[in-house]
Amino acid sequence: MPESGAKTPEPALEPLLVELAQPGRYGRHVRSNDAADIPEAFVRQAPLRLPELTEPQVVRHYTHLSQLNYSVDTGMYPLGSCTMKYNPKVNDRAAALFADLHPRQSYRTTQGVLALAYELEQMLAKITGMNFVSLQPQAGAQSEFTALLVFKAYHAKRGEAAQRRRIIVPDSAHGTNPASAAMCGYEVTTVKSDARGNVDLDALKGALGHDVAGFMLTNPNTLGLFEERVSEVCDAVHAVGGLVYGDGANMNALLGVTRPGDLGFDCIHINVHKTFSTPHGAGGPGAGPLCVKAHLRPFLPKPWIVKEADGSYHYDTAREDREPAGLGDSIGTIKQRLGNFGVLVRAYTYMRTLGEEGLVETSNDAILAANYLLARLRGRYQVAYDRTPMHEFVLTAAPQKRKGASALDIAKGLIDEGFHPSSVYFPLIVPEAMMIEPTETEPKETLDAFADALLRIADRVDTDAASLHDAPVTAPIRRLDEVSAARKPVLRWQRPA
Ligand SMILES: *Cc1c(COP(=O)(O)O)cnc(C)c1O
């Protein structure tokens, strides 16, 4: 309630609601005289400036808006690198059990919460082949940043902080990799990929030196391909005293198949919102646990969850009946104690309901689905690096572009076919890239329908490529002017002048 005399900010009015409004229409009001008990200073002098509508009109308006949305509950999401997978509804039920949890609640009254977090750490360590896990980072990008702070602290401890000022990233890397390195104050060196889509080992060796703090590698890389010489890559980085960071945003192809810890990585982050459910939009919600080998543990964010011999849990820095352990060599706190806990509960529930066997099956099915889809598309679309992909693959629409329809036109055409578009123009090293990840949960009928849609679009490109320039024609919003949308975004409805 505004203080008396303060100006009430004008509410932003929904356009449709304004158009539907008629003076005198209202929902069910509470018409008691209790307003008489409100102190004079707080009583509203003029009615709120709101559109006048009945309750069903308002409910229908918002229900209609929700129906304009495409979501994982309404259709397949083939977005490569993002993994918009099925989120079992029981995960949401489980997360809701913790909705009242306060981040600073004592360990004494939250033993079950700490047990869940501790067990999740153990499971992630086992899956990745690492020794310790921090659940704090709340996104992949934040986990990259955290890991690079850990690298810095590790080199500082060895007296090499000033000397090690470079981070190397492959040219196929996700954009967050060089961005995180730059935010940590590192210089970024890019190495090219070879003809098979791997890191070019000679180029990497040429870039390595004793001024290198670390190398960031995504495996399978953003071409959906397994790095064929990953152990040699890790050895080369270690030989000059550098550390190897694994970008494990998408672990969907690796569960029970191989472990980054066994391949030579010093640490890896996992986007649990991509690999272990929790569908996410741009900006979240997410969680990016950081899993490290023992030599990096001292630098992990604090507090840590400690399990005592008697099975009880506490935070190492804040046990009320003990001297706090202090920060030691830790980089400090990145996010409140338990990170983005609702997302972590979903990941925990996902793993516990599937079990080890189920998790291995998800990876096998994800790889099978991607390879099936690629087999159906290969005749009509060019594959960027034609090898057996893992859970996703990258096509190049360069041949279609020469006929007059770009990757963007094809993506917009998919909307008219009733599908969400794939990722396009990523990774950057593939011209007219179309990056497709079907996920393990789509049945064959859906994969076929999606392949049929892309094949119909390929036919359209051959017969009338220009017709795709108008797509989408069936969506509530037609094609945007992408330049103005990026440069001059209109983020909320504005009353026409
Ligand atoms: C999604 C993704 C990231 C970034 O993760 P966010 O949670 O969006 O910050 C980093 N690397 C790769 C390979 C990714 O796919």
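**The ligand shell and the sheet**

A backbone N or O atom of A141 stands 2.8 Å from an oxygen atom of the ligand. This distance, like every other value given here, is computed from a predicted model. In G140, a polar backbone atom is 2.7 Å from an oxygen atom of the ligand, and in S81 a polar side-chain atom lies 2.7 Å from a ligand oxygen atom. Taken on its own, the ligand has 380 Å² of accessible area, of which the protein covers 86%.

The surroundings of the ligand may be considered next. The shell consists of 14 residues, and those that come nearest are S81, G140, A141, D247 and K274. Two elements, α5 (140-157) and α10 (272-275), each give two or more residues to the shell. The largest share, 3 residues, comes from α5.

From the ligand, the reader may turn to the sheet. It is an open sheet of 7 strands with mixed pairing, arranged in the order β1-β7-β6-β5-β4-β2-β3. Its edges are formed by β1 (132-134) and β3 (187-191); each has a single partner strand, so one side of each is left without a neighbour in the sheet. From one strand to the next, the twist averages 25°.

Strand β6, residues 267-270, pairs with strand β7, residues 290-292, in the antiparallel sense over 3 bridges. Within this pairing, C267 has V292 of β7 as its bridge partner.

Note on methods
Residues are numbered from 1 along each chain as its sequence is written. This is a predicted model: local features need pLDDT of at least 70, side-chain atom pairs count only at pLDDT 80 or more; totals for chains, interfaces and linings use all residues. Side-chain values use heavy atoms; hydrogens and water are left out. Two strands pair if DSSP finds at least two bridges between them. Helices (H or I, at least four residues) and strands (E, at least two) are DSSP runs, numbered from the N terminus. Axes are lines fitted to C-alpha atoms, for helices over the stretch in contact, and angles run from 0 to 180 degrees between N-to-C directions. A residue is near a molecule or strand if one of its heavy atoms lies within 4 Å of it. A polar contact is a pair of N or O atoms within 3.5 Å; within protein, one must be able to donate a hydrogen and the other to accept it, and residues adjacent in sequence count only if both atoms are side-chain atoms. Accessible areas come from the Shrake-Rupley method with a 1.4 Å probe; for residues, only the protein chains shown count as cover.
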